[in-house]
Structure formats: structure tokens, C-alpha cells
Amino acid sequence: MVLTTSFTVSVRLRPTIQIILIVSKVRAAQAFGGCVVVRNEVIKEVTQYIKLQKTPIIIQDELELSTPEDMKKISDATTQMIEKWRASWQAKNIDDYITFYDEDFKSNGMDVKRWKTFKSALNQTYKEIKVNFSKPMIFAYKNYAIARFLQAYRSDQHEDFGEK
């Protein structure tokens, strides 16, 4: 199924954060499975704002505005969930930690069962784990929320910093 669209909004959240929101009554076409088709002039218009693998692109039927209060509730709930995930990981509570992963989860060639085994082994290897997150960016749509944030990880044997 191909989705075609005709209306684009570029939203600047902060000076360094840009999202592209494509709003349209989309119509299905029979051509490329799973692809989204956007007119060339729209692509030219938004290209300057897109950083590959960094810029979220949200496509939806209509623009739904939320009140600041609703946005704060979603942000707070999502941040609390991330904090519970972080705390369970840091405490090496593998059973609580793994509940934050969907049964369809995949990372580095591992499904959720293998991920649990991998993380359990790391918990045995590392004496201490410290995980901190900052600058959460939360996108919500209907019953879904997507969070991106910076993560600082440190153990007695390994240190890492990156975007999640």
C-alpha cells in the first residue's frame, strides 16, 4: 500500500529540535508495499529540516491539538515509565526490567528472550550499573507515545553515552 499526501507542516520545538508533521487525508494506492509517497515539491520543502535517522516524521490524517495540561500528563507518565525502566536496570532487577520490552522486541539480532539472557549475564559480570537519562523528547499520538532521550551508562567495566 502506498500512502499519498499533500500537506506538510514543519514544527520547531526548540532551536535544535525539528519534527516534520505530514497531515493529510491519505489515500491508498496499489504500488509499493508500505511506502509513503510525497510530492517532489513537498520533499524539496522539508529536506532542509531532515537529519537522517534523527528527525521524527509523523504522518496522520488530521492535526489534533492537545492542551498544555494534557501534554504535561502524557509527558509525566512517559517520563515516569522511563524512570521505572532505568531504576529496574540499575537495580539489576531483570524480571522488572524485561517487562518494559514488547514481545516483538529485536536488538542486535536478539529477541526479547535472548535480550533477557544477555542482560542477566551482564548483571552477573558488572558489580555496579549506573544509568541516567536526560533531555527526554516525547511524541504522542492516540494511544501511543514515543520517547527519545540521552542515556549515560556506566559500570565498573564499561561506559557509554548515546541517544535512545
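User: Happy to dig in! Which residue is the bridge partner of V131 in β10?

Analyst: Good place to start, and please keep in mind that this is a predicted model, where local features need pLDDT of at least 70, side-chain atom pairs count only at pLDDT 80 or more, and totals for chains, interfaces and linings use all residues. Residues are numbered from 1 along each chain as its sequence is written, and side-chain values use heavy atoms, with hydrogens and water left out. Strands here are DSSP runs of E with at least two residues, and helices are runs of H or I with at least four, both numbered from the N terminus. In β10, V131 has as its bridge partner Y153.

User: Over how many bridges do β9 and β10 pair?

Analyst: Two strands count as paired if DSSP finds at least two bridges between them. Strand β9 covers residues 129-141, and its pairing with β10 is antiparallel. Their hairpin has 2 residues between the strands, and K142 takes a positive phi near 50° there. The number of bridges between β9 and β10 is 11.

User: And which residue in β11 is the bridge partner of R154?

Analyst: Strand β11 spans residues 159-163 and pairs with β10 in the antiparallel sense over 5 bridges. These two strands form a hairpin with 3 residues between them. The bridge partner of R154 in β11 is E159.

User: Is Q151 buried or exposed?

Analyst: Q151 lies in strand β10, which runs over residues 144-155. Buried means under 20% relative accessible area, exposed means over 50%, and partly exposed is in between, using a 1.4 Å probe and protein chains only. Because its relative accessible area is 3%, Q151 is buried.

User: Which residues is Q151 in contact with, leaving aside its neighbours within four places in sequence?

Analyst: Contact means heavy atoms within 4.5 Å. With those sequence neighbours set aside, the partners of Q151 are W85, W89, V131, N132, F133, D160, F161, G162 and K164.

User: Zooming out, what is the mean pLDDT of the protein?

Analyst: pLDDT is the predictor's confidence in each residue, from 0 to 100. In this protein, 73% of the residues reach 70 or more, and the mean is 77. Over residues 1-20 the pLDDT is below 50, though this stretch has 73 contacts in the model beyond near neighbours in sequence. Where pLDDT is low, the predicted coordinates should not be read in detail, but the mean you asked for is 77.

User: Lastly, what share of the residues count as buried?

Analyst: The protein's secondary structure comes to 4 helices and 11 strands. Of its 164 residues, the share that count as buried is 27%.
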